[in-house]
Amino acid sequence: MSEAPRVRFAPSPTGYLHVGGARTALFNWLFARSKGGKFILRIEDTDFARSTEESIGAILESLLWLGLDWDEGPGKDAAEGPYFQSQRGEKYREFSSRLLDSGSAYKCFCSPEELRERKAASVAQKAALKYDGRCRKLSAEEILSLERNGKPFVLRFKVREGFTSWPDTIKGRIQFANSELDDFIIVRSNGTPTYNFAATVDDITMDITHVIRGDEHISNTPRQILLYEALGETLPVFVHLPMILGPDGTKLSKRHGAVSLSYYEKQGFLPDAMRNFLALLGWAYDGKQEIFSKEELIRKFTLERVSSNPSVFDHNKLVWMNGQYMKELSNSRRSELVRRYLREEEGMKGIDEKADWIARITEVLGDRLRVASQITELAGFFIKEKLEYDEKARELLLTTEGGRELLVKVAYRVATLENYSVEAIEGAVRGLAEEMGLKAGELIHPARAALTGKTTSPGIFEVMELLGKETCVTRLKDAADFVASGGT
């Protein structure tokens with residue numbers, strides 16, 4: 001085993017890369033980079049029915065978007081490759097033969113139908129649901145006879161008696177009674193390896209020193225340790241990361257926002273912010289600092305500072321953190337992110353021809369815009385053809401005394417402006433309020449509701465300039481009609 005750490009991230013390409021997997025990949029990458037080691041990317045694609053080229057591509061793209069480059073893996077094959085399990089059949093056959101020859105594995109000829117019947121009987125008797133080991137006792141003659149008759153078989157690992165334990169870096173010492181484990185299958189009847197066997201062989205042949213993964217894999221670890229022992233190989237260090245929970249304390253799921261990394265990218269989240277956020281799901285430096293550059297994370301990350309307690313995925317905190325990174329971007333970069341979102345996710349055509357206009361909108365929104373996708377929430381009134389009033393705006397329009405007359409007068413004053421600038425608009429509206437003996441807010445508030453459909457917005461005079469004279473006059477008159485009709 002090499003001195004410099006070698007860690008791996010081994011996704012199954014049956015879907016996109018989600019939050020939990022991304023956190024695991026990040027912690028492996030940070031550990032490798034902080035220790036001068038190697039980060040290996042391995043694709044566990046032996047589930048031929050569900051693995052797809054599309055998923056492989058999406059996973060690779062998400063890792064690169066997050067800034068996690070790999071030292072060995074797809075596109076960077078080295079002596080320990082190939083890095084796709086579907087291409088490593090020769091290795092699995094070699095190691096399964098070693099286990100058979102040493103007596104640590106045996107051929108099991110029990111059919112699926114027989115196993116189902118025994119399981120049903122065990123359920124009826126309230127007995128342990130595990131393989132009873134009967135094929136352990138087959139003689140060489142019986143095995144030869146079954147093979148000659150073409151009886152299909154799987155390879156099972158012979159679990160020894162006693163206990164299996166290990167010192168987990170995060171969880172502390174963990175122990176399993178081997179009596180709780182059955183003689184698990186390592187090679188299926190079609191010759192394909194099972195997860196625990198393939199992962200163990202890969203970790204051995206790729207010289208993995210630290211297995212860093214989610215704690216849902218704890219139940220797999222005793223089986224893998226038993227395989228290591230039977231093969232006479234040195235154990236890696238096992239590190240099981242804490243579970244990620246939703247804000248309600250239940251296991252993280254899509255309803256909490258646990259969607260793919262590609263979704264966050266499309267919504268306009270920044271990779272630096274996402275990487276920073278994921279790093280804090282279970283790890284902390286001093287309990288105070290929350291914003292870390294990539295270089296700081298590499299320098300300060302240690303496994304010793306990873307908590308054994310579950311972490312909480314807080315979408316609001318992710319949005320806040322993205323906002324901190326958005327503040328550091330130029331307005332041209334922010335507007336570029338907004339245009340991409342509107343073009344690719346909202347399907348708006350010709351948006352790039354309005355680049356200067358979008359840049360002005362993002363400038364007016366300023367720090368309110370924490371994520372590009374918020375453009376429709378914060379400034380949808382700029383880009384949507386049909387304006388809708390929210391509940392508060394409806395109430396304001398319908399309860400403002402003399403509201404229809406106010407809106408009509410503002411519309412007329414705006415329509416007669418020759419110089420349609422922020423300064424001219426503000427002067428006109430404030431001047432009208434003074435003429436009517438009103439406070440400026442008594443005109444501005446209903447005008448804002450009429451023009452944006454909301455009771456809050458960026459500076460109303462900047463909004464009016466960006467909307468344009470014609471749109472402002474039309475919306476003010478439409479709102480006047482709305483008030484006159486009693487809101488129907």
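How many nonpolar, polar and charged residues does the lining of the second largest pocket have? By class, that lining has 11 nonpolar, 2 polar and 8 charged residues, where Ala, Val, Leu, Ile, Met, Phe, Trp, Tyr, Cys and Pro count as nonpolar, Asp, Glu, Lys and Arg as charged, and the others, Gly among them, as polar. The model is predicted, so local features need pLDDT of at least 70 and side-chain atom pairs pLDDT 80 or more, while totals for chains, interfaces and linings use all residues. Residues are numbered from 1 along each chain as its sequence is written, and side-chain values use heavy atoms, leaving out hydrogens and water.

The second largest pocket has a volume of about 430 Å³. Its lining is made up of 21 residues, with F381, K384, E385, K386 and R475 the closest to the centre. Two or more lining residues come from each of α14 (375-383), α19 (460-467) and α20 (469-484), and α20 gives the largest share, 4 residues. A pocket here is an open set of points on a 1 Å grid over the protein atoms alone, where a 1.4 Å probe fits, with protein on both sides within 12 Å along at least five of seven lines; lining residues have an atom within 4 Å of a point. The volume is the space filled by probe spheres set on the points, which are joined across faces, edges and corners.

Turning to the largest pocket, about 1,100 Å³ of space lies within it. Of its 35 lining residues, G20, G21, T24, E216 and H217 lie nearest the centre. The elements that contribute two or more residues to this lining are β1 (6-9), α1 (19-35) and β8 (210-214); α1 gives the most, with 5 residues. This lining divides into 15 nonpolar, 11 polar and 9 charged residues. Helices (H or I, at least four residues) and strands (E, at least two) are DSSP runs, numbered from the N terminus.

Helix α11 (residues 315-326) has 12 residues and reaches 16 Å from its first C-alpha to its last. At its start, a side-chain oxygen of D314 comes to within 3.0 Å of the backbone nitrogen of N316.

Elsewhere, A58 is found in helix α2 (residues 53-65). A58 counts as buried because its relative accessibility is 10%. Its C-alpha atom is separated by 9.6 Å from that of S260, 202 residues apart along the chain.

How values were computed. The expected span of a helix is 1.5 Å times one less than its number of residues. A polar contact is a pair of N or O atoms within 3.5 Å; within protein, one must be able to donate a hydrogen and the other to accept it, and residues adjacent in sequence count only if both atoms are side-chain atoms. Buried means under 20% relative accessible area, exposed over 50%, partly exposed in between (1.4 Å probe, protein chains only).
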